[in-house]
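Please look over the sequence and the structure shown below before reading on. The paragraphs that follow move from strands to charged side chains.

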Amino acid sequence: MTGKKNTRPDMNRRNAGETKAPEGGNRGDNLILIGMPTSGKSTVGIILAKALGYEFTDIDLLIQKKAGKKLAAIMEEKGVEGFLSLEEEVTCGLSCSHTVIAPGGSVVYGRKAMEHLKSLGRVIYLQMDLDMLTERLHDARNRGVALREGQTLEELYNERVPLYEQYADITVNESGHALEDMVVLIVSKLHTPV
């Protein structure tokens, strides 16, 4: 990874004035799961897709397919900024319906990517606390987590949580819930007005 200082303005602060929904309410029928690495976006996403009769798309797998290599190798070759640019490009090219979409945890750094995802459907934040993240994530670099040189998991967590909260239409707290319970909670919140 490169030791370059982050120059991406939306990587360290919230974008003031962002709206919760696209203008005019013309939103797709997809469900987009956002959250920290290991929050269960892919696992919960597959179960949720089966429960609803939807398709499932993992954006990290689309990125790997496009690049022809694993996320960690992409990060090693392109650095965090290069990876984030590729992630935004792949995300903005996504077109689907009746699909549960699981982007990588770093997708919230890309304003265009998040605007596109919000146009595709409702964004659901799988909220976890720092202790749970630390317990689950043992090797962030090999997993392909967009972690800047010298950045700690706590710093990453504190940087991303406000972005997840900003973009979420629905928040589901994972604390004390099994995967199946998470799906039930999500489905119940989908039928509740936001």
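A residue is called buried when its relative accessible area is under 20%, exposed when that area is over 50%, and partly exposed in between, using a 1.4 Å probe and protein chains only. Helices (H or I, at least four residues) and strands (E, at least two) are DSSP runs that are numbered from the N terminus. This is a predicted model, in which local features need pLDDT of at least 70 and side-chain atom pairs count only at pLDDT 80 or more, while totals for chains, interfaces and linings use all residues. Residues are numbered from 1 along each chain as its sequence is written, and side-chain values use heavy atoms, with hydrogens and water left out.

Strand S4, which spans residues 121-127, is mostly covered, since 5 of its 7 residues are buried. Two strands are said to pair if DSSP finds at least two bridges between them. By that rule S4 pairs with strand S1 (residues 30-34) in the parallel sense over 5 bridges, and Gly 121 in S4 is the bridge partner of Asn 30. S4 is also joined to strand S5 (residues 170-173) by 4 bridges, the two running parallel, and here Ile 124 stands opposite Ile 170 of S5.

Side chains of opposite charge can pair when their charged atoms come close. A salt bridge is counted where a side-chain nitrogen of Lys or Arg lies within 4 Å of a carboxyl oxygen of Asp or Glu, and the count comes to 4 salt bridges.

One of them is formed by the side chains of Lys 66 and Glu 89, at 3.1 Å from N to O. Because Lys 66 lies in helix H2 (residues 59-67) and Glu 89 in helix H3, this pair ties together parts that are 23 residues apart in sequence. Glu 89 counts as partly exposed, at 47% relative accessibility.

Another salt bridge, at 2.5 Å from N to O, is the meeting of the Lys 69 and Glu 77 side chains. Lys 69 is partly exposed, with a relative accessible area of 29%, whereas Glu 77 is exposed, at 53%.

Is the pair of Asp 169 and Lys 118 buried or exposed? The two form a salt bridge whose closest N and O atoms are 3.0 Å apart, and both residues are buried. Salt bridges that share partners join Arg 27, Lys 118 and Asp 169 into one network.
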